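Trainee: I am new to this structure and would be grateful for a close look at one part of it. Could you please take me through how its helices pack, and then through some individual residues in the surrounding loops and strands?

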Amino acid sequence: MLSRRLLLSLPAVALFAATLPARATEPLPVVASFSILGDLVAQIAGPAAAVKVLVGPDGDAHVYQPSPADAKAVAGAKLIFLNGLGFEGWMSRLLKSSGTKGKAITVTQGITPRAAAKDGHGHGNVDPHAWQDVGNVHVMVATIATALADADAANADAYKARAAAYRAELDALDAEITAQVSALTPAQRRVITSHDAFGYYGKAYGVSFHAPQGMNTDSEASAKDVARLISQIRKEKIKAVFVENISDPRLTQQLATEAGATIGGALYSDALSPASGPAPSYLTMMRHNTKMLIAGMIKN
Ligand SMILES: [Zn+2]
């Protein structure tokens with residue numbers, strides 16, 4: 001047994017400290033392209049990884065321009081998580097220019113993409129907003145947990161346990177949304193939003209969404225599309241009209257005014273709110289959006 005005197009002697013303490021593996025307590029450096037994905041990664045990683053988010057709360061990832069600080073974060077990351085399906089068109093250039101040795105993980109791998117609406121924009125494209133269906137997030141969480149466990153074997157069990165716990169929360173969320181939307185008549189389930197970001201939600205939960213702008217916010221809504229939507233709102237008397245946290249609200253406001261409807265509030269489509277807002281995590285975002293949507297659709 002070591003003597004008390006030896007334990008307290010400074011050189012012994014220093015020697016002991018020097019033999020500790022220095023990296024053991026350092027969290028795994030990972031990057032997530034946008035805030036919603038950043039939350040999912042952080043939920044599964046817990047304290048074992050440090051998650052840097054590139055496009056932050058209320059940011060528009062469709063039209064984002066990466067900064068030198070982003071390139072530095074990507075360069076130092078062991079894993080870089082991205083949505084894919086054409087959502088972050090700037091990501092492939094950023095990965096190349098950063099010179100990163102980190103592994104890029106596309107979290108929508110294994111998900112069946114929804115095709116672009118035939119009557120709208122984006123012919124031949126797929127809808128990138130896969131996170132709006134909780135079922136797709138199940139698949140993403142499995143991909144995230146596997147990537148983290150492969151990159152950081154020492155914490156593999158912790159990642160898997162956190163993923164299992166989070167998937168139970170997703171199941172509860174999914175059941176909640178299904179029950180709430182099912183309480184409305186099919187005719188009530190019609191919504192107008194700024195851009196076409198809720199197709200997966202609509203398909204999963206039985207809501208019909210219409211938007212003046214296509215799936216990508218870099219294209220402007222055409223006058224023809226806006227006019228068509230105004231006549232549709234008037235004819236079908238749609239009361240559920242929403243702006244989005246990432247979009248300029250003016251077009252939707254103009255649309256609502258001309259169609260004689262009122263704006264039901266802001267939905268969180270492609271980004272979370274800041275911590276002080278109503279949607280600082282994926283789970284709170286989906287609950288907030290559903291609450292707003294139900295309040296709007298009940299007036300239809
Ligand atoms: Zn979008």
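**Helix packing and selected residues**

Mentor: The model discussed here is a predicted one. Lys237 sits in the loop that joins helix H9 (223-236) to S9. Its phi is near 55°, a positive value in a residue other than glycine. As background, most residues other than glycine have a negative phi.

Asp58 belongs to the loop between strand S2 (49-55) and helix H4 (68-75). With a relative accessibility of 35%, Asp58 counts as partly exposed.

In general, two packed helices are described by the angle between their axes and the distance between the axes. For H9 and H10, the angle is about 45° and the axes lie 9 Å apart. That angle makes H9 oblique to H10. The crossing of H9 past H10 is right-handed. On the H9 side, the contact is made by Val226, Leu229, Ile230, Ile233 and Arg234. On the H10 side, Leu251, Leu255, Glu258 and Ala259 take part. Sorted by class, the contact of H9 with H10 has seven nonpolar residues, no polar residues and two charged residues.

Ser247 is in the loop between strand S9 (241-244) and helix H10 (250-259). Ser247 has a relative accessible area of 12% and is therefore buried, as the limit for that class is under 20%. Leaving aside residues up to four places away in sequence, Ser247 touches Ser194, His195 and Thr217. The C-alpha atom of Ser247 is also separated by 7.7 Å from that of Asp60, although the two residues are 187 residues apart along the chain.

Ile263 is in strand S10 (residues 263-267). Its relative accessible area is 29%, so Ile263 is partly exposed. Ile263 touches Val241, Val243, Thr252, Gln253 and Ala256, with residues up to four places away in sequence not counted. Ile263 and Pro249 are 14 residues apart in sequence, and their C-alpha atoms are 9.7 Å apart in space.

We may now turn to helix H3 and its two packing partners described here. The axes of helix H3 (residues 35-45) and helix H6 (residues 134-151) come within 10 Å and cross at roughly 55°. That makes H3 oblique to H6. Their crossing is right-handed. H3 contributes Leu37, Leu40, Val41, Ile44 and Ala45 to this contact. H6 contributes Val137, Met140, Val141, Ile144, Ala145 and Leu148. By class, the contact of H3 with H6 has 11 nonpolar residues, with no polar and no charged ones.

The other partner is helix H7 (residues 156-182), which packs with H3 at an angle of about 120°, the axes being 7 Å apart. H3 and H7 are therefore oblique to each other. Here the H3 residues in contact are Asp39, Leu40, Ala42, Gln43, Ile44 and Ala45. Their counterparts on H7 are Tyr159, Arg162, Ala163 and Tyr166. By class, the contact of H3 with H7 has seven nonpolar, one polar and two charged residues.

Ser281 touches Asp39 and Leu272, not counting residues up to four places away in sequence. Ser281 is found in the loop between S10 and helix H11 (282-297). Ser281 is buried, because its relative accessible area is 15%.

Finally, these details may be set against the whole chain. The chain has 11 helices and 10 strands. Of its 300 residues, 49% are buried. Among contacts in the chain with a separation of 6 or more, 67% involve residues 24 or more positions apart. The chain exposes about 14500 Å², and carbon and sulfur atoms supply 58% of that area.

Conventions. Residues are numbered from 1 along each chain as its sequence is written. This is a predicted model: local features need pLDDT of at least 70, side-chain atom pairs count only at pLDDT 80 or more; totals for chains, interfaces and linings use all residues. Side-chain values use heavy atoms; hydrogens and water are left out. Axes are lines fitted to C-alpha atoms, for helices over the stretch in contact, and angles run from 0 to 180 degrees between N-to-C directions. Helices (H or I, at least four residues) and strands (E, at least two) are DSSP runs, numbered from the N terminus. Angles under 35 degrees count as roughly parallel, over 145 as roughly antiparallel, 65 to 115 as roughly perpendicular and the rest as oblique. A crossing is left-handed if the near helix is turned anticlockwise from the far one by less than a right angle, and right-handed if clockwise. Contact means heavy atoms within 4.5 Å. Ala, Val, Leu, Ile, Met, Phe, Trp, Tyr, Cys and Pro count as nonpolar, Asp, Glu, Lys and Arg as charged, and the others, Gly among them, as polar. Buried means under 20% relative accessible area, exposed over 50%, partly exposed in between (1.4 Å probe, protein chains only). Accessible areas come from the Shrake-Rupley method with a 1.4 Å probe; for residues, only the protein chains shown count as cover.
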